[in-house]
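Open the model in your viewer and follow the stops below. Each one says what to select and what is there.

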Amino acid sequence: MLVTWIVAAGIIGFAQSATRNIKPVPDGKQNFWEWLVESLYNFLEGIIGRELVRKTFWFFATIFVFILFVNWFGLIPGVGTIGWGHHDPATGIFRVDRPLLRGGNADLNMTTAMAAVFSVLWLIWAIQANGIGGLLLHLFGPKGETSGVLKVLMVVIFFLVGWLEIVSILFRPISLSFRLFGNIYAGESILDVMSNMVPLLSWLIPLPFYFLEVLVGFVQALVFMLLTAIFTLLIAQHGPETAH
């Protein structure tokens, strides 16, 4: 929690500082912030469309920036390695059992909370785009033009398929949270193992994996944002407003 508060405060503080005195020709912090926001906006607009990005950009951009910097903050030397622990009697190496700071997304509670927030927003956006009746029709209604006995058969089949879709929707937050948590936690574990493999080279062996984790931190933030955006697009594109 402390790490996420630090990162959130840092992002908010930087954004406020960069936009406090907006100049017609941006420079410095304002230039970087405008580049970041504009790049994300154009990227998402190309994927989910102009109308949907106007409504949802605030969430997708925030979740990307937040996850990215929480991931990278967890790679700062001392995070996860300074705290309370014990000396391993076999190797004599000090093992940290309770670190003072720990990567925010290496905790399943954090990733689950973000996935749960998205699930609530997804439901709101789905109802706004389709209405309650339209959402139920999308889930359980038959697709395609049929008639006679075949139409009755399609109604039964798609009704059963709708329940499978419900199960899939309920599992989305689980898959989102475990994917992010698993990758970040695995990265922490690899760095820990490599740091203690050869004590004399503990400063050298983890370096390639450290830079790999910098890339993984970016990729996982991007994947989380893209998956949530695609899930939203798949349900919102069936709405009458988007179809029009």
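**Stop 1: the largest pocket**

Select strand S2 (94-99), H5 and H6: each supplies at least two residues of the lining of the largest pocket. Helices (H or I, at least four residues) and strands (E, at least two) are DSSP runs, numbered from the N terminus. This is a predicted model, where local features need pLDDT of at least 70 and side-chain atom pairs count only at pLDDT 80 or more, while totals for chains, interfaces and linings use all residues. Residues are numbered from 1 along each chain as its sequence is written, and side-chain values use heavy atoms, with hydrogens and water left out.

A pocket is an open set of points on a 1 Å grid over the protein atoms alone, where a 1.4 Å probe fits, with protein on both sides within 12 Å along at least five of seven lines; lining residues have an atom within 4 Å of a point. Here the volume is about 830 Å³. That is the space filled by probe spheres set on the points, which are joined across faces, edges and corners.

Now pick Gly80, Thr81, Glu188, Leu191 and Asp192. Of the 27 lining residues, these lie nearest the pocket's centre. H5 gives the most to the lining, with 7 residues.

**Stop 2: the hairpin**

Select strand S1 (residues 83-87) with S2. The two pair in the antiparallel sense over 5 bridges; pairing needs at least two DSSP bridges. Click His87: the bridge partner in S2 is Phe94. S1 and S2 form a hairpin with 6 residues between them. In the turn, Gly92 has a positive phi of about 80°.

**Stop 3: the largest cavity**

Select Asn71, Gly74, Leu75, Ile184 and Glu188. They lie nearest the centre of the largest cavity, which is lined by 13 residues. In a cavity the probe fits but cannot get out. The space in this one is about 110 Å³. Helix H3 (50-73), helix H5 (148-197) and helix H6 (207-236) each supply at least two lining residues.

**Stop 4: the nonpolar core**

Which residues touch the most other members of the largest nonpolar core? Select Leu40, Phe60 and Met114. The core has 50 residues: buried (under 20% relative accessible area, 1.4 Å probe, protein chains only) Ala, Val, Leu, Ile, Met, Phe, Trp, Tyr and Cys, joined through side-chain atoms within 4.5 Å. H3 gives the most to this core, with 14 residues.
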